[in-house]
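Here are my comments on the model, point by point. Please read them with the structure open.

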Amino acid sequence: MPPLDPVGLCRSCRWMRSVTNRRGSTFFRCGRADTDPRFPRYPALPVLECPGYEPGARPDADPPPAGPRGIGF
């Protein structure tokens with residue numbers, strides 16, 4: 001059995017935003033909490049179940065590298 005991911009579902013959720021403070025600690029913030037009070041802003045980790053989970057690219061993820069014509073594909 002693989003070891004438990006210390007972040008859980010948040011790591012691959014499109015709504016997760018990672019926040020790093022000045023001392024280097026990283027926190028995982030739920031973007032759904034901005035518009036839906038059912039979701040905690042900083043959920044207790046690891047998140048094993050979440051009704052708002054959506055796999056996919058996060059809005060704050062780095063864009064793909066530009067191709068030869070400056071287009072990201």
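1. Residues 24 or more positions apart account for 44% of the protein chain's contacts with a separation of 6 or more; contact means heavy atoms within 4.5 Å. Buried residues (under 20% relative accessible area, 1.4 Å probe, protein chains only) make up 23% of the 73 residues.

2. This is a predicted model: local features need pLDDT of at least 70, side-chain atom pairs count only at pLDDT 80 or more, and totals for chains, interfaces and linings use all residues. Residues are numbered from 1 along each chain as its sequence is written, and side-chain values use heavy atoms, with hydrogens and water left out.

3. The protein chain has zero helices and two strands. These are DSSP runs, numbered from the N terminus (helices: H or I, at least four residues; strands: E, at least two). Strand 1 (residues 16–20) and strand 2 (residues 26–30) run antiparallel, joined by five bridges; pairing takes at least two DSSP bridges. Threonine 20 stands opposite threonine 26 in strand 2.

4. The two strands form a hairpin with five residues between them. Check glycine 24 in the turn: its phi is positive, about 95 degrees.

5. Aspartate 36 sits in the segment after strand 2. Why does aspartate 36 count as buried? Because its relative accessibility is 16%. Its side chain makes a polar contact of 2.7 Å with that of arginine 38 (N or O atoms within 3.5 Å, one able to donate a hydrogen and the other to accept it; residues adjacent in sequence count only if both atoms are side-chain atoms).

Note on methods. Buried means under 20% relative accessible area, exposed over 50%, partly exposed in between (1.4 Å probe, protein chains only).
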